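Visitor: I am new to protein structures. Could you walk me through this one, a question at a time?
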Amino acid sequence: MRAEELKGHLDAVLLAALEGGPRHGYAVIEALRQSTDGRLDLPTGTIYPALRRLEQAGLIAGTWSVVGGRRRREYRLTPAGIRALSGRRAAWRDFSATVTAALESATRVNTALENAALEDTACPSPNPA
Amino acid sequence: MPESEPRLIRGYLQVLAAQLPGPIVEELTDGLTETYRSYRTRGLPADAAAEAAVEEFGSAQEILAGFARVNPARQAARRLLGLGPVVGGCWVAALVTSRVWPGPEPARVVLGLVLIACIGLTFVAALGRRYRVAVYSGIAGCAGFAALDASLIVGTLLVAGRASGLTALAIAVSSARIALCARAAVAAQQNT
(Lines give C-alpha, C1' and ligand atoms only; values in the text may rest on other atoms or scores of the structure.)
Protein backbone atom coordinates (compact mmCIF):
# COMPACT_ATOMS: atom_id res chain seq x y z
CA MET A 1 0.00 0.00 0.00
CA ARG A 2 1.38 3.39 -1.00
CA ALA A 3 1.36 6.66 0.95
CA GLU A 4 -1.34 8.29 -1.20
CA GLU A 5 -3.72 5.35 -0.62
CA LEU A 6 -3.33 5.92 3.11
CA LYS A 7 -4.26 9.59 2.85
CA GLY A 8 -6.67 10.54 5.62
CA HIS A 9 -5.72 7.52 7.74
CA LEU A 10 -2.03 8.18 8.35
CA ASP A 11 -2.63 9.92 11.68
CA ALA A 12 -4.66 7.00 13.04
CA VAL A 13 -2.05 4.50 11.85
CA LEU A 14 0.76 6.46 13.54
CA LEU A 15 -1.22 6.76 16.77
CA ALA A 16 -1.82 3.00 16.71
CA ALA A 17 1.92 2.39 16.22
CA LEU A 18 2.57 4.34 19.43
CA GLU A 19 -0.05 2.49 21.42
CA GLY A 20 2.44 -0.13 22.56
CA GLY A 21 4.72 2.47 24.16
CA PRO A 22 7.13 5.28 23.27
CA ARG A 23 8.96 4.93 19.93
CA HIS A 24 11.27 7.05 17.80
CA GLY A 25 10.53 7.75 14.12
CA TYR A 26 12.33 4.75 12.63
CA ALA A 27 10.85 2.42 15.26
CA VAL A 28 7.37 3.68 14.32
CA ILE A 29 8.01 2.71 10.68
CA GLU A 30 9.34 -0.70 11.76
CA ALA A 31 6.29 -1.27 13.96
CA LEU A 32 3.99 -0.43 11.04
CA ARG A 33 5.87 -2.80 8.75
CA GLN A 34 5.63 -5.62 11.27
CA SER A 35 1.97 -5.07 12.07
CA THR A 36 1.03 -5.04 8.35
CA ASP A 37 3.44 -7.80 7.25
CA GLY A 38 5.32 -5.26 5.14
CA ARG A 39 2.24 -4.21 3.13
CA LEU A 40 2.48 -0.61 4.30
CA ASP A 41 5.20 0.94 2.15
CA LEU A 42 5.69 4.56 3.25
CA PRO A 43 8.72 6.71 2.44
CA THR A 44 10.29 6.75 5.91
CA GLY A 45 11.06 10.47 5.81
CA THR A 46 7.43 11.46 5.30
CA ILE A 47 6.32 10.24 8.72
CA TYR A 48 8.45 12.84 10.54
CA PRO A 49 6.32 15.84 9.46
CA ALA A 50 3.23 13.79 10.35
CA LEU A 51 4.64 13.10 13.84
CA ARG A 52 5.35 16.82 14.21
CA ARG A 53 1.76 17.62 13.21
CA LEU A 54 0.38 15.15 15.78
CA GLU A 55 2.63 16.69 18.42
CA GLN A 56 1.38 20.20 17.58
CA ALA A 57 -2.17 18.89 17.93
CA GLY A 58 -1.34 17.58 21.41
CA LEU A 59 -2.03 13.94 20.47
CA ILE A 60 1.56 12.81 21.06
CA ALA A 61 4.43 14.22 23.11
CA GLY A 62 8.08 14.08 22.12
CA THR A 63 11.14 13.91 24.37
CA TRP A 64 14.83 13.92 23.51
CA SER A 65 17.35 11.34 24.65
CA VAL A 66 20.91 10.52 23.61
CA VAL A 67 21.58 7.11 22.03
CA GLY A 68 25.02 6.17 20.72
CA GLY A 69 26.11 9.81 20.79
CA ARG A 70 23.15 10.87 18.65
CA ARG A 71 20.14 12.84 19.85
CA ARG A 72 16.94 10.85 19.40
CA ARG A 73 13.35 12.04 19.68
CA GLU A 74 10.87 9.58 21.10
CA TYR A 75 7.12 10.00 21.00
CA ARG A 76 4.39 8.71 23.27
CA LEU A 77 0.61 9.00 23.18
CA THR A 78 -0.95 11.72 25.33
CA PRO A 79 -4.37 11.17 27.00
CA ALA A 80 -5.89 13.20 24.12
CA GLY A 81 -4.08 10.92 21.67
CA ILE A 82 -5.47 7.80 23.36
CA ARG A 83 -8.99 9.23 23.08
CA ALA A 84 -8.40 10.25 19.44
CA LEU A 85 -7.14 6.75 18.58
CA SER A 86 -10.19 5.16 20.18
CA GLY A 87 -12.49 7.50 18.20
CA ARG A 88 -10.64 6.85 14.93
CA ARG A 89 -10.86 3.08 15.49
CA ALA A 90 -14.61 3.21 16.07
CA ALA A 91 -15.10 5.44 13.01
CA TRP A 92 -12.96 3.12 10.86
CA ARG A 93 -14.91 0.00 11.95
CA ASP A 94 -18.17 1.76 11.09
CA PHE A 95 -16.85 2.97 7.71
CA SER A 96 -15.32 -0.41 6.89
CA ALA A 97 -18.52 -2.31 7.77
CA THR A 98 -20.61 0.07 5.65
CA VAL A 99 -18.37 -0.13 2.58
CA THR A 100 -17.98 -3.93 2.91
CA ALA A 101 -21.77 -4.33 3.10
CA ALA A 102 -22.22 -2.14 0.02
CA LEU A 103 -19.54 -3.98 -1.99
CA GLU A 104 -20.74 -7.46 -1.05
CA SER A 105 -24.34 -6.53 -1.74
CA ALA A 106 -23.32 -5.34 -5.23
CA THR A 107 -21.50 -8.66 -5.79
CA ARG A 108 -24.62 -10.64 -4.78
CA VAL A 109 -26.83 -8.61 -7.15
CA ASN A 110 -24.38 -9.10 -10.05
CA THR A 111 -24.17 -12.85 -9.39
CA ALA A 112 -27.97 -13.12 -9.35
CA LEU A 113 -28.19 -11.22 -12.66
CA GLU A 114 -25.51 -13.43 -14.25
CA ASN A 115 -27.34 -16.60 -13.09
CA ALA A 116 -30.61 -15.31 -14.52
CA ALA A 117 -28.92 -14.56 -17.86
CA LEU A 118 -27.41 -18.08 -17.95
CA GLU A 119 -30.81 -19.64 -17.29
CA ASP A 120 -32.32 -17.60 -20.14
CA THR A 121 -29.58 -18.84 -22.50
CA ALA A 122 -30.01 -22.48 -21.44
CA CYS A 123 -33.86 -22.47 -21.68
CA PRO A 124 -34.90 -20.00 -24.42
CA SER A 125 -38.55 -18.96 -24.32
CA PRO A 126 -40.80 -20.67 -26.92
CA ASN A 127 -41.17 -18.87 -30.28
CA PRO A 128 -44.60 -17.19 -30.34
CA ALA A 129 -44.82 -17.79 -34.13
CA MET B 1 26.27 11.09 11.20
CA PRO B 2 29.98 10.11 11.56
CA GLU B 3 32.47 11.16 8.87
CA SER B 4 33.02 7.49 7.93
CA GLU B 5 29.48 7.16 6.61
CA PRO B 6 28.78 7.64 2.91
CA ARG B 7 28.95 10.94 1.11
CA LEU B 8 25.49 10.34 -0.38
CA ILE B 9 23.91 10.44 3.08
CA ARG B 10 25.94 13.45 4.19
CA GLY B 11 24.92 15.32 1.04
CA TYR B 12 21.28 14.40 1.54
CA LEU B 13 21.36 15.68 5.12
CA GLN B 14 23.11 18.87 4.03
CA VAL B 15 20.23 19.62 1.65
CA LEU B 16 17.78 19.21 4.54
CA ALA B 17 19.98 21.19 6.97
CA ALA B 18 20.05 24.15 4.57
CA GLN B 19 16.27 24.50 4.92
CA LEU B 20 15.17 23.00 8.22
CA PRO B 21 15.84 23.90 11.88
CA GLY B 22 18.56 22.02 13.77
CA PRO B 23 16.32 19.82 15.99
CA ILE B 24 14.35 18.56 12.97
CA VAL B 25 17.58 17.78 11.12
CA GLU B 26 18.90 15.89 14.19
CA GLU B 27 15.77 13.77 14.25
CA LEU B 28 15.99 13.05 10.52
CA THR B 29 19.70 12.23 10.90
CA ASP B 30 18.85 9.66 13.56
CA GLY B 31 16.12 8.12 11.37
CA LEU B 32 18.32 7.99 8.27
CA THR B 33 21.22 6.53 10.24
CA GLU B 34 18.96 3.78 11.60
CA THR B 35 17.68 3.06 8.08
CA TYR B 36 21.24 2.90 6.72
CA ARG B 37 22.35 0.60 9.55
CA SER B 38 19.44 -1.74 8.99
CA TYR B 39 20.61 -2.21 5.36
CA ARG B 40 24.20 -2.70 6.48
CA THR B 41 23.01 -5.33 8.98
CA ARG B 42 21.28 -7.12 6.10
CA GLY B 43 24.68 -7.38 4.40
CA LEU B 44 24.65 -4.56 1.85
CA PRO B 45 27.95 -2.76 1.17
CA ALA B 46 28.19 0.83 2.43
CA ASP B 47 27.35 2.59 -0.85
CA ALA B 48 24.46 0.29 -1.71
CA ALA B 49 23.11 0.61 1.85
CA ALA B 50 23.30 4.40 1.59
CA GLU B 51 21.45 4.37 -1.74
CA ALA B 52 18.76 2.06 -0.36
CA ALA B 53 18.39 4.15 2.81
CA VAL B 54 18.03 7.42 0.88
CA GLU B 55 15.55 5.80 -1.51
CA GLU B 56 13.51 4.42 1.38
CA PHE B 57 13.55 7.78 3.17
CA GLY B 58 12.01 9.59 0.18
CA SER B 59 13.19 12.61 -1.78
CA ALA B 60 14.51 15.64 0.13
CA GLN B 61 11.91 17.78 -1.67
CA GLU B 62 9.12 15.53 -0.40
CA ILE B 63 10.37 15.86 3.18
CA LEU B 64 10.86 19.64 2.89
CA ALA B 65 7.32 20.03 1.51
CA GLY B 66 5.98 17.91 4.40
CA PHE B 67 7.66 20.10 7.02
CA ALA B 68 6.59 23.30 5.21
CA ARG B 69 2.97 22.19 5.65
CA VAL B 70 3.35 21.78 9.45
CA ASN B 71 5.44 24.93 9.95
CA PRO B 72 3.90 26.85 12.93
CA ALA B 73 4.84 30.17 11.24
CA ARG B 74 2.79 29.21 8.19
CA GLN B 75 -0.22 28.29 10.32
CA ALA B 76 0.03 31.51 12.36
CA ALA B 77 0.32 33.56 9.15
CA ARG B 78 -2.88 31.98 7.84
CA ARG B 79 -4.69 32.87 11.07
CA LEU B 80 -3.39 36.45 10.83
CA LEU B 81 -4.58 36.74 7.23
CA GLY B 82 -8.01 35.48 8.30
CA LEU B 83 -8.15 37.95 11.18
CA GLY B 84 -6.92 40.91 9.08
CA PRO B 85 -10.26 41.87 7.46
CA VAL B 86 -11.97 41.72 10.89
CA VAL B 87 -9.42 44.05 12.51
CA GLY B 88 -9.36 46.33 9.44
CA GLY B 89 -13.16 46.46 9.29
CA CYS B 90 -13.42 47.37 12.99
CA TRP B 91 -10.89 50.20 12.62
CA VAL B 92 -12.48 51.60 9.44
CA ALA B 93 -15.91 51.60 11.12
CA ALA B 94 -14.48 53.16 14.31
CA LEU B 95 -12.50 55.89 12.53
CA VAL B 96 -15.26 56.78 10.05
CA THR B 97 -17.98 57.04 12.70
CA SER B 98 -15.86 58.87 15.31
CA ARG B 99 -14.07 61.05 12.71
CA VAL B 100 -10.92 60.69 14.84
CA TRP B 101 -7.77 60.14 12.76
CA PRO B 102 -4.75 59.01 14.74
CA GLY B 103 -1.74 61.22 14.05
CA PRO B 104 -0.90 63.63 11.20
CA GLU B 105 -1.23 62.63 7.56
CA PRO B 106 2.45 61.62 7.04
CA ALA B 107 2.14 59.24 10.01
CA ARG B 108 -0.98 57.72 8.48
CA VAL B 109 0.85 57.22 5.19
CA VAL B 110 3.63 55.40 7.07
CA LEU B 111 1.03 53.23 8.82
CA GLY B 112 -0.48 52.38 5.43
CA LEU B 113 2.92 51.41 4.01
CA VAL B 114 3.68 49.27 7.09
CA LEU B 115 0.30 47.57 6.66
CA ILE B 116 1.05 46.74 3.02
CA ALA B 117 4.50 45.38 3.98
CA CYS B 118 2.98 43.26 6.79
CA ILE B 119 0.35 41.79 4.47
CA GLY B 120 3.07 40.94 1.94
CA LEU B 121 5.29 39.29 4.56
CA THR B 122 2.36 37.34 5.98
CA PHE B 123 1.40 36.09 2.51
CA VAL B 124 4.98 34.90 1.99
CA ALA B 125 4.85 33.04 5.33
CA ALA B 126 1.41 31.57 4.63
CA LEU B 127 2.14 30.34 1.11
CA GLY B 128 5.92 29.89 1.09
CA ARG B 129 7.34 26.41 0.61
CA ARG B 130 10.75 27.28 2.11
CA TYR B 131 10.70 26.59 5.84
CA ARG B 132 13.15 29.23 7.05
CA VAL B 133 11.82 31.94 4.71
CA ALA B 134 8.32 31.27 6.08
CA VAL B 135 9.60 31.49 9.67
CA TYR B 136 11.51 34.76 9.21
CA SER B 137 8.82 36.47 7.12
CA GLY B 138 6.20 35.25 9.62
CA ILE B 139 8.13 36.73 12.56
CA ALA B 140 8.61 40.03 10.67
CA GLY B 141 4.90 40.09 9.74
CA CYS B 142 3.89 39.45 13.36
CA ALA B 143 6.20 42.21 14.63
CA GLY B 144 4.84 44.61 12.00
CA PHE B 145 1.19 43.88 12.79
CA ALA B 146 1.84 44.22 16.54
CA ALA B 147 3.58 47.58 16.01
CA LEU B 148 0.79 48.73 13.71
CA ASP B 149 -1.92 47.78 16.21
CA ALA B 150 -0.05 49.40 19.09
CA SER B 151 0.39 52.62 17.06
CA LEU B 152 -3.30 52.71 16.17
CA ILE B 153 -4.36 52.16 19.79
CA VAL B 154 -1.97 54.75 21.24
CA GLY B 155 -2.62 57.28 18.43
CA THR B 156 -6.40 57.01 18.77
CA LEU B 157 -6.32 57.31 22.56
CA LEU B 158 -4.00 60.34 22.38
CA VAL B 159 -6.23 62.15 19.89
CA ALA B 160 -9.66 61.13 21.23
CA GLY B 161 -8.73 60.96 24.92
CA ARG B 162 -11.07 58.01 25.52
CA ALA B 163 -12.49 55.02 23.68
CA SER B 164 -16.12 54.10 23.42
CA GLY B 165 -18.41 52.11 21.14
CA LEU B 166 -16.78 50.96 17.91
CA THR B 167 -13.40 52.45 18.91
CA ALA B 168 -13.36 50.34 22.06
CA LEU B 169 -14.24 47.28 19.97
CA ALA B 170 -11.44 48.06 17.48
CA ILE B 171 -8.96 48.47 20.36
CA ALA B 172 -10.08 45.14 21.86
CA VAL B 173 -9.70 43.33 18.51
CA SER B 174 -6.28 44.92 17.92
CA SER B 175 -5.17 43.91 21.44
CA ALA B 176 -6.21 40.34 20.69
CA ARG B 177 -4.14 40.44 17.49
CA ILE B 178 -1.11 41.75 19.41
CA ALA B 179 -1.42 38.76 21.77
CA LEU B 180 -1.76 36.37 18.82
CA CYS B 181 1.28 37.94 17.11
CA ALA B 182 3.37 37.60 20.29
CA ARG B 183 2.47 33.91 20.73
CA ALA B 184 3.02 33.18 17.02
CA ALA B 185 6.39 34.97 16.97
CA VAL B 186 7.59 33.00 20.02
CA ALA B 187 6.41 29.69 18.47
CA ALA B 188 8.09 30.55 15.16
CA GLN B 189 11.30 31.63 16.95
CA GLN B 190 11.46 28.22 18.65
CA ASN B 191 11.43 26.62 15.20
CA THR B 192 14.37 28.49 13.68
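Guide: Let us start with a term. A cavity is a set of grid points where a 1.4 Å probe fits but cannot get out. Keep in mind that this is a predicted model.

Visitor: Which elements of chain B give two or more residues to the lining of the largest cavity?
Guide: The largest cavity holds about 50 Å³ of space. Its lining includes B:Ala73, B:Thr122, B:Gly138 and B:Ala184. The elements that give two or more residues are H5, helix H6 (105-127), helix H7 (131-160) and helix H8 (166-189) of chain B.

Visitor: How many residues in the lining of the largest cavity are charged?
Guide: Among the lining residues are B:Leu80, B:Ala125, B:Ile139 and B:Cys142. Nine residues of the lining are nonpolar and three are polar. The number of charged residues is none.

Visitor: Which residues line the second largest cavity?
Guide: This cavity holds about 30 Å³ of space. By class, its lining has four nonpolar residues, no polar ones and one charged. The residues are A:Ile29, A:Leu32, A:Arg33, A:Leu40 and A:Leu42.

Visitor: Which element gives the largest share of the lining of the largest pocket?
Guide: The largest pocket has a volume of about 620 Å³. Of the 23 residues that line it, the closest to its centre are A:Leu6, A:His9, A:Ala12, A:Val13 and A:Trp92. Helix H1 (10-17), H2 and helix H4 (79-122) of chain A each give two or more residues. The largest share, seven residues, comes from H4(A).

Visitor: How many residues in the lining of the largest pocket are charged?
Guide: Sort the lining by class. It has 13 nonpolar residues and four polar ones. The charged residues number six.

Visitor: Which residues have the most contacts inside the largest nonpolar core?
Guide: In soluble globular proteins, nonpolar side chains tend to be buried together. The largest nonpolar core here has 48 residues. Those with the most contacts inside it are B:Leu16, B:Leu20, B:Leu28 and B:Phe67.

Visitor: How many residues are in the second core?
Guide: This core is separate. It includes B:Cys118, B:Leu152, B:Ala170 and B:Ile171. Its size is 20 residues.

Visitor: What distance does helix H3 of chain B reach from its first C-alpha to its last?
Guide: H3(B) covers residues 46-57, twelve in number. At 1.5 Å a residue, the expected value is 16 Å, and the helix is close to it. The reach is 16 Å.

Visitor: What covers the buried residues of H3(B)?
Guide: The buried residues of H3(B) include B:Ala49, B:Ala53, B:Val54 and B:Phe57. Parts of both chains cover them. The cover includes helix H2 (25-35) and helix H3 (47-56) of chain A, together with helix H1 (7-17), helix H2 (22-41) and helix H4 (60-69) of chain B.

Visitor: Why is H3(A) described as largely enclosed by the rest of the structure?
Guide: The buried residues of H3(A) are A:Ile47, A:Tyr48, A:Pro49, A:Ala50, A:Leu51, A:Arg52 and A:Leu54. H3(A) is largely enclosed because its buried residues number seven of ten.

Visitor: Is B:Asn71 buried or exposed?
Guide: B:Asn71 lies in the loop between H4 and helix H5 (72-98) of chain B. Leaving aside neighbours within four places in sequence, it contacts B:Tyr131, B:Ala134 and B:Val135. Buried means under 20% relative accessible area. B:Asn71 has 0%, so it is buried.

Visitor: How does B:Ala179 count, by its relative accessible area of 36%?
Guide: B:Ala179 is found in helix H8 of chain B. Under 20% would be buried, and over 50% exposed. At 36%, B:Ala179 is therefore partly exposed.

Note on methods. Residues are numbered from 1 along each chain as its sequence is written. Chains are lettered from A and ligands numbered from 1 in the order in which they are written. This is a predicted model: local features need pLDDT of at least 70, side-chain atom pairs count only at pLDDT 80 or more; totals for chains, interfaces and linings use all residues. Side-chain values use heavy atoms; hydrogens and water are left out. A nonpolar core is a set of buried Ala, Val, Leu, Ile, Met, Phe, Trp, Tyr and Cys residues joined through side-chain atoms within 4.5 Å. Buried means under 20% relative accessible area, exposed over 50%, partly exposed in between (1.4 Å probe, protein chains only). Helices (H or I, at least four residues) and strands (E, at least two) are DSSP runs, numbered from the N terminus. The expected span of a helix is 1.5 Å times one less than its number of residues. Contact means heavy atoms within 4.5 Å. On a 1 Å grid over the protein atoms alone, a cavity is a set of points where a 1.4 Å probe fits but cannot get out, and a pocket is an open set with protein on both sides within 12 Å along at least five of seven lines; lining residues have an atom within 4 Å of a point. Grid points are joined across faces, edges and corners, and a volume is the space filled by probe spheres set on the points. Ala, Val, Leu, Ile, Met, Phe, Trp, Tyr, Cys and Pro count as nonpolar, Asp, Glu, Lys and Arg as charged, and the others, Gly among them, as polar.
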